[in-house]
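Hi there,

Here is the structure I promised to pass on.

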Amino acid sequence: MGYTPKSALEKGLETGELYCQRCFRLRHYNEIAAVNISDDEFLRLLTEVGNTNALVVNVVDIFDFNGSVIPGLHRFVAGNDVLLVGNKRDILPKSVKESKVRNWLRERAHEEGLRPVDVILTSAYNRDDTLDLVDEIENYREGRDVYVVGVTNVGKSTLINAIIKNATGDSNVITTSRFPGTTLDKIEIPLDDGSFIIDTPGIIHHHQMAHFIGPEDLKLVSPKKEIKPKTYQLNEGQTLFMGGLARFDYLKGDKQGFTGFFDNHLMIHRTKLEKADEFYVKHKGSLLVPPREDDMATFPKLVRKEFAIKSKSDIVFSGLGWIRVAKPAIIAAWVPEGVDVMIRKSLI
Ligand code: GDP
């Protein structure tokens, strides 16, 4: 799924820096920083997991399932049990029913060929959640080692650090060892019975919204607080811009309220559909940010996908948020080329 050798190479160059930074943090703060590795290394690592009798904990970002998928994971883990952990649940509005989110994640996992033994929602920022997660892992691992896998940005490092801090209380628990044939460390957290929780490096998923914007705007695609939904009354022929990152056109239907679930700081602009193309060209990088001036050279063009909505649905802009459509409508959704946009049964 879009793992180009070129970017793998680029990432390989970056890895050196991050790797050293991780060593530093490990040594001095007993903390794990994210490490990014190339696709080949990642495949080798997954093969190692497949050859071991272990519980595989796959951490995904609830807001970006598609950007969280490890292609072919089900083949690599072979017969091993997979526990699917949906992270960042703290961002979900309180009105969202957890059971719905879990079912949705399970369905999507099935589409990817994964049959998780369970789906758990968690927040790396919530102590009780991380304690519960450790209990669940203990419950499912049945004496086996635990491999934690995930692409970058899903919050795997934050989660592992929270587990280490909260669950062990011991600052000297981490040991490191090398993956055979690579220069990468894996992080091993010893458990009481001689087994280990093994943290694996994250792989870059090139289709994440996060890769298209600068560091100062990352908070918009990685919200830190519960999302406050905002409703916009639209007539057909009106358009919403989510910064310059995404666009929503109301093509056909009665006047109705559309509710956006995005980071509270994301600027949403309303305009006329007939002027929208022009508006985007004119204001991208200024009124419509992110992307900013600096990101513009590498920012992909927006591509359009049309949806005919019959019953209450969410249009999901992968990694950014979603718009709830309550009544029948025909709409078009635009996202940077490579990022997913899809429809699902409404979560609320
Ligand atoms: P990794 O690349 O998977 O190791 O991800 P990081 O641990 O570096 O986290 C990526 C981003 O998500 C950072 O900005 C974190 O602060 C944020 N993050 C991680 N866990 C959570 C969470 O449970 N809730 C929220 N709201 N943000 C999180």
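Rings of Phe, Tyr and Trp, the last taken by its six-membered ring, count as a pair if their centres lie within 6.5 Å. With that in mind, Phe-63, Phe-261 and Trp-322 form one aromatic cluster. Please remember that this is a predicted model.

Searching the whole structure turns up 8 aromatic pairs. One of them joins Phe-241 and Phe-279: the ring centres are 5.7 Å apart and the planes meet at 25 degrees, so this pair is stacked. It also links distant parts of the chain, with Phe-241 in strand β11 (residues 238–242) and Phe-279 in helix α9 (residues 273–283), 38 residues apart. Both Phe-241 and Phe-279 are buried.

Phe-262 and Phe-317 make a tilted pair, at 6.0 Å centre to centre with 50 degrees between the planes. Here two strands are involved: Phe-262 belongs to β13 (residues 256–262) and Phe-317 to β16 (residues 313–317), and the two residues are 55 residues apart, so to speak distant parts of the chain brought into a pair. Phe-262 and Phe-317 are both buried.

And which rings have an arginine over them? Trp-334 has the charged end of Arg-247 over its ring, 4.2 Å from the centre. Trp-322, already mentioned as part of the cluster with Phe-63 and Phe-261, has Arg-344 over its face, at 4.5 Å from the ring centre.

Terms used. Residues numbered from 1 in each chain as written. Predicted model: local features only at pLDDT ≥ 70, side-chain atom pairs only at ≥ 80, totals over all residues. Heavy atoms only, no water. Phe/Tyr/Trp six-rings, centres within 6.5 Å; stacked < 30°, edge-to-face > 60°. Helix = DSSP H or I, 4+ residues; strand = E, 2+ residues; numbered from the N terminus. Buried < 20%, exposed > 50% of the residue type's maximum accessible area, 1.4 Å probe, protein only. Lys NZ or Arg CZ within 6 Å of the ring centre and 35° of its normal.
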